[in-house]
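Entries follow in the order I looked things up.

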Amino acid sequence: MNQPLNSNDITIADAQQKVDTWIKTLGVRYFSELTNLAQLVEEVGEVARIMSRRFGEQSFKSGESDADLGDELADVMFVLICIANQTGVDLTAALEKNLQKKTQRDAKRHLENPKLTPKKDNNNGDN
Ligand SMILES: [Mg+2]
């Protein structure tokens, strides 16, 4: 994944800086950490609403539109970044560390999970 960045790409650090600038100008100040936690849950709920209707058994109500999943995921990212910024978390370092942890801990876990491999057809059409 070490692809060169395109001129329009932003790094996680860029995103943290952009959100910080936005909050301190247009947003005036950060909401409290607990308010942002509630906001995060709310935004995750909006993602869940779309996922449930688009991919699950739930249907859209009449007049309810198939909202923009990307926009809702971006809302989740925005609030997540706010929480990271106001609690001093460097998300680049945190993600790298987290991926290392998962790589070591789960090196074989998913590869050896039979639920993740295609089921073999025991029937072979012989009945
Ligand atoms: Mg939203």
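**Entry: H4.** I started with helix H4, residues 91–105, in what is a predicted model. I counted 15 residues in H4. From its first C-alpha to its last, H4 reaches 20 Å. That is close to the 21 Å expected at 1.5 Å a residue. Then I checked burial, where a residue needs 20 or more other C-beta atoms within 10 Å to count as buried.

**Entry: H4 against H1.** I next asked what H4 meets in H1. The axes of H1 and H4 come within 8 Å and cross at roughly 140°. On the H1 side I listed Ile-12, Ala-13 and Gln-16. On the H4 side I listed Leu-91, Thr-92 and Leu-95. By class, this contact of H1 with H4 has 4 nonpolar residues, 2 polar and no charged.

**Entry: H1 against H3.** Helix H1 covers residues 12–25. I found its axis and that of H3 coming within 9 Å and crossing at roughly 85°. Angles from 65 to 115 degrees count as roughly perpendicular, and H1 and H3 are therefore roughly perpendicular to each other. H1 brings Ala-15, Gln-16, Val-19, Asp-20 and Ile-23 to the contact. H3 answers with Phe-78, Ile-81, Cys-82, Ala-84 and Asn-85. I sorted the contact of H1 with H3 into 7 nonpolar, 2 polar and 1 charged residues.

**Entry: H2 against H3.** H2 spans 33–54 and H3 spans 69–86. I read an angle of about 160° between H2 and H3, with the axes 9 Å apart. Angles over 145 degrees count as roughly antiparallel, so H2 and H3 are roughly antiparallel to each other. H2 passes H3 in a left-handed crossing. From H2 the contact includes Leu-37, Leu-40, Val-44, Val-47 and Ile-50, as well as Glu-33 and Glu-43. From H3 it includes Leu-69, Leu-73, Val-76, Val-79, Leu-80 and Ile-83. The class count for H2 with H3 is 12 nonpolar, 3 polar and 5 charged residues.

**Entry: Val-28.** I moved to the loop between H1 and H2, where Val-28 sits. Its phi is near 70°, a positive value in a residue other than glycine. Is Val-28 buried or exposed? Val-28 has 8 other C-beta atoms within 10 Å, so I logged this residue as exposed.

**Entry: Ser-59.** Last, I checked the loop between H2 and H3, where Ser-59 is found. Ser-59 is exposed, with 9 other C-beta atoms within 10 Å. I also took its separation from Arg-49: 10 residues in sequence, and 9.8 Å in space from C-alpha to C-alpha.

Terms used. Residues numbered from 1 in each chain as written. Predicted model: local features only at pLDDT ≥ 70, side-chain atom pairs only at ≥ 80, totals over all residues. Helix = DSSP H or I, 4+ residues; strand = E, 2+ residues; numbered from the N terminus. Buried ≥ 20, exposed ≤ 12 C-beta atoms within 10 Å, placed from the backbone. Axes fitted to C-alpha atoms, helices over the stretch in contact; angles between N-to-C directions. Parallel < 35°, antiparallel > 145°, perpendicular 65-115°, else oblique. Contact = placed C-beta atoms within 7 Å. Nonpolar A, V, L, I, M, F, W, Y, C, P; charged D, E, K, R; others polar. Left-handed = near helix turned anticlockwise from the far one by under 90°. Expected span 1.5 Å × (residues − 1).
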